[in-house]
Amino acid sequence: DLSTDEKTAFIDAKMSVTIFDDFPGVDFEMEIFSRYNKGTKPLSPQEIRHAAYNSRFNTFVNDYVKKVKDEPELKKLANAYNISLDRIQKKKVQEGVFVILSILESGINEDYSKSLDYAEEYMKSKKELEKNSPDKAEQSYFDMQRVFEKFNSLIQAMTKVVEYPFSKELYGVSSRNYKFQISIAMILAGIFEKYLYNTEYLENVIIDENETEKFVRIIGRTLQ
């Protein structure tokens, strides 16, 4: 509820904008962005990645996270990913999703020293793929949606047994303060990619609650 003078001042305000284009590569773009970021309120590393590695994949993840947060029928999945407005705004939820997507596509990479390497390399590679090979990027996008949908069907099934499947609750330890732990998310994504995807067993685990309970117990014992 601004006054007329305030509205006029706002509309007439001028903003200085510097536009960069035709970067020689995403590494150079990241360097420029990081340097400018130091002179303002610093963004988080994931916020920088979202800006520098913008792609159709980023849009999908942002839209998907918002959908899960807003749709009541997806409440259990929202709890599993510990989705909150604060974590969305800080890109924490999206960061975890990108780590999962990387592992669902390529498995565990022993050359990566930390979980964020998965998000960084995945986002970077998808931006480069869209730029250099649009047809391959389109197929990759389709494949990503399909595998992620099936992975989340598994997670939703698991929430009938354990409220927070990406936490230590998976093996019987109460973790109300750590509802989403990236290490456990990586393990589940790795198991899914290596042993479950496109198998009849996966379908049984998703649709049969007895099989879901057995699966959760097996994973829980393995992680103890």
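Q: How many residues of the lining of the largest cavity are nonpolar, how many polar and how many charged?
A: This structure is a predicted model, in which local features need pLDDT of at least 70 and side-chain atom pairs count only at pLDDT 80 or more, while totals for chains, interfaces and linings use all residues. Residues are numbered from 1 along each chain as its sequence is written, and side-chain values use heavy atoms, with hydrogens and water left out. Ala, Val, Leu, Ile, Met, Phe, Trp, Tyr, Cys and Pro count as nonpolar, Asp, Glu, Lys and Arg as charged, and the others, Gly among them, as polar. On that basis the lining of the largest cavity divides into no charged, no polar and 8 nonpolar residues.

Q: What volume does the largest cavity have?
A: A cavity is a set of points on a 1 Å grid over the protein atoms alone where a 1.4 Å probe fits but cannot get out. Its volume is the space filled by probe spheres set on the points, which are joined across faces, edges and corners. The structure holds 1 cavity of 30 Å³ or more. The volume of the largest cavity is about 30 Å³.

Q: At what angle do the axes of H9 and H10 cross?
A: The axes are lines fitted to C-alpha atoms, for helices over the stretch in contact, and the angle runs from 0 to 180 degrees between N-to-C directions. Helix H9 covers residues 134-158 and helix H10 covers residues 182-196. Their axes come within 11 Å of each other, and the crossing angle is roughly 115°.

Q: Which residues in H10 do the residues in H9 meet?
A: Contact means heavy atoms within 4.5 Å. The H9 side of the meeting consists of Val147, Lys150, Phe151, Leu154, Ile155 and Met158. The residues of the contact divide into 9 nonpolar, no polar and 1 charged. On the H10 side stand Leu188, Ala189, Phe192 and Leu196.

Q: How far apart are the C-alpha atoms of Leu188 and Phe151?
A: Leu188 has its place in helix H10, and it touches Phe151, Ile155, Met158, Pro165, Phe166, Leu170 and Ile219, not counting residues up to four places away in sequence. Leu188 and Phe151 are 37 residues apart along the chain. The separation of their C-alpha atoms is 9.2 Å.

Q: Why does Thr212 count as buried?
A: Thr212 lies in helix H12 (residues 209-223). Apart from residues up to four places away in sequence, Thr212 touches Ala157, Met158, Val161, Val205 and Ile206. Buried means under 20% relative accessible area, exposed over 50%, and partly exposed in between (1.4 Å probe, protein chains only). Thr212 counts as buried because its relative accessibility is 2%.

Q: Is Asn198 buried or exposed?
A: Asn198 is found in the loop between H10 and helix H11 (200-207). It is not a glycine, yet it has a positive phi of about 60°. At 67% relative accessibility, Asn198 counts as exposed.

Q: What is the phi of Lys91?
A: Lys91 lies in the loop between helix H6 (85-89) and H7. Although Lys91 is not a glycine, its phi is positive, at about 65°.

Q: Which residues is Ser115 in contact with, leaving aside its neighbours within four places in sequence?
A: Ser115 has its place in helix H8 (residues 115-132). Its relative accessibility is 19%, so Ser115 counts as buried. The C-alpha atoms of Ser115 and Ile100, 15 residues apart along the chain, are separated by 9.6 Å. With neighbours within four places left aside, the contacts of Ser115 are Val99, Ile182 and Met186.

Q: Which residues is Ser102 in contact with, leaving aside its neighbours within four places in sequence?
A: Ser102 is found in helix H7. It counts as buried because its relative accessibility is 7%. Beyond the neighbours within four places in sequence, its contacts are Gly107, Tyr118 and Tyr122.

Q: What percentage of the residues in the protein chain is buried?
A: The protein chain has 224 residues. The buried ones make up 40%.

Terms used. Helices (H or I, at least four residues) and strands (E, at least two) are DSSP runs, numbered from the N terminus. On a 1 Å grid over the protein atoms alone, a cavity is a set of points where a 1.4 Å probe fits but cannot get out, and a pocket is an open set with protein on both sides within 12 Å along at least five of seven lines; lining residues have an atom within 4 Å of a point.
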